[in-house]
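Trainee: I have this model open and would like to walk through it. Where do we start?

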Amino acid sequence: MFAHVDRRSTYKAPPTTFTDKLVSQEARREKRRAQKFDSSRHLDAFAQLSLGVSDDEGDEDIDEEPQVIREGIANYASFAGTSDKSDTLAVPKADADDGSHLKKKRTKPKRKRTKKPNKWANKCMYAELLEMKEEPELWDDHSNDADGSLPSDLERSWVAVAPVPMGKRCLAITHQSTSGIIGISPNTTLRSRLLGKMLLPRFPSSLPPLTILDCILDINWRSNGILHVLDVIKWKGQDIADCETPFRFWWRDTRIAELPKFAPPSAVFSFTSSAEAQEPVSSQPTYNFQYPTTFVPIPYYTDTTLPMLLSYIVPLARSSREILVDIPASVPFQMQPASDAAMSVDSGGDSGLTTVPVHVTSDGLLLYVSHASYEEGINPLSCWIPIKPVSPSGEQNACRTERVSDGPLDLFQRLVHRRLTRVQQGSSLHSDGMVM
């Protein structure tokens, strides 16, 4: 009767926000930046201020002495009525008993317990889908341009982040630890993007206390232990969210590179028989991380010129990324009985760490406005260009103007190519005119 819709396919659907379709995304972006600029100037604090009275008005007020009315309250004594004991109403005893009986029956209404919203809920800077159109509409301001749906300042005022890995968006939060050693004592928690719920129990990390990072938990984190760092909000108690995008990314890469590296937790001992020990290595259980141990920043690029986008950034957003991860060599430690009378301990090889290359699948491309600060919630200052098409219902339906196998990143590449072709044609015509 009803079509079956995969619930997981709606996780990355665009947010259900009500926006005016007649207002372009670029106009909303400029309005958001203007509001942020006005709030940074603190103009609201001067709204109720006044310059005060002038000097001339002040002199006139000084010459005139205030008039003080000296009058008692004796004139108002006649208005007060005399109290008479006979006028008091006598309450019958039966009525008094009924009142007390009613008071006993009255109970306080039960208050409904309302859940307080989590303080970490919706604190991530969530990107909007970049509005792109294959064919411009007649009422569009850029109807004469074939690539008018792209931002007009794409080459000057944007920062590209690619390849964005597949995973779950979250916040990595470190707490102030009065005792314990960094990297050993649990000091870090992961909070979900929308509800702020705890994704994992508190685990140890090399991050300093009072640090908040915008991260993506890798889809295969149990096998590779990778936590991708997208942005930095606070570092060691210092607020970085008010800084511009290039500085935040530079700070992120510099500080994460300075963190000490700690070995992941060793494998758990397990007792196996001699027959199980003779099984091939492929059938042996693999190492599973209990918590993320490798913090990897996602690459960013401040050079967003059209040739750079076409030749390097867009192809990079399609490809997978190779990351080196340290995994314990013994997976797991095994205690194998050699005979019925005695047992020998076999560690299964070297007990050190083994560096293994891990391939991370890309999910798309992110664009950030370079002169914007980090703002929580959904806003057009960050735009998301996924590889696969995403619709609000979660179904992958292609538009009539797009090819069936194309996604938003394919459309973005075609629009960038059209703009580059138009710019090159305009420059060639201008040079021909100069020669003539």
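Mentor: With a term: a charge sits over a ring if NZ of Lys or CZ of Arg is within 6 Å of the ring centre and within 35 degrees of the ring normal. The charged end of Arg255 meets that over the ring of Trp251, 4.1 Å from its centre. Arg193 likewise lies over the face of Tyr126, at 3.9 Å from the ring centre.

Trainee: What should I know about the model itself?

Mentor: It is a predicted model, in which local features need pLDDT of at least 70 and side-chain atom pairs count only at pLDDT 80 or more, while totals for chains, interfaces and linings use all residues. Residues are numbered from 1 along each chain as its sequence is written, and side-chain values use heavy atoms, with hydrogens and water left out.

Trainee: How many residues does helix H5 have, and how far does it reach?

Mentor: H5 spans residues 245-257, which is 13 residues, and its first and last C-alpha are 19 Å apart, close to the 18 Å expected at 1.5 Å a residue. The expected span is 1.5 Å times one less than the number of residues. Helices (H or I, at least four residues) and strands (E, at least two) are DSSP runs, numbered from the N terminus.

Trainee: Which residues of H5 are buried?

Mentor: Thr245, Arg248, Phe249, Trp251, Arg252, Arg255 and Ile256. Buried means under 20% relative accessible area, exposed over 50%, and partly exposed in between (1.4 Å probe, protein chains only).

Trainee: Why are they on the same side of H5?

Mentor: Because they cover an arc of only 160° around the axis, the arc being that of the directions from the helix axis to the C-beta atoms. The buried residues of H5 pack against several strands, including E2 (158-165), E7 (226-235) and E16 (362-369). Contact here means heavy atoms within 4.5 Å.

Trainee: Switching topic. What about aromatic pairs?

Mentor: There are 7 in the structure. Rings of Phe, Tyr and Trp (its six-membered ring) pair if their centres lie within 6.5 Å; planes under 30 degrees apart count as stacked, over 60 as edge-to-face and the rest as tilted. Tyr287 and Phe289 are edge-to-face, because their ring centres are 5.0 Å apart and their planes stand at 85°. Tyr287 is buried at 10% relative accessibility, and Phe289 is buried at 1%.

Trainee: And Tyr301 with Tyr312, what kind of pair is that?

Mentor: Edge-to-face, with centres 5.7 Å apart and planes at 80°. Tyr301 is in strand E11 and Tyr312 in helix H7, so the pair ties together parts that are 11 residues apart in sequence. Tyr301 is buried at 16% relative accessibility, whereas Tyr312 is partly exposed at 40%.

Trainee: Which residues have the most contacts inside the largest nonpolar core?

Mentor: Leu154, Leu365, Leu367 and Phe412, in a core of 48 residues. Helix H7 (residues 306-318) gives the largest share, 7 residues. A nonpolar core is a set of buried Ala, Val, Leu, Ile, Met, Phe, Trp, Tyr and Cys residues joined through side-chain atoms within 4.5 Å.

Trainee: Last one: where is Leu409, and what does it touch?

Mentor: Leu409 is in helix H8 (residues 408-435) and is buried at 0% relative accessibility. Leaving aside neighbours within four places in sequence, the contacts of Leu409 include Val314, Ala317 and Leu365. The C-alpha atoms of Leu409 and Val314 are separated by 7.7 Å, though the two residues are 95 apart along the chain.
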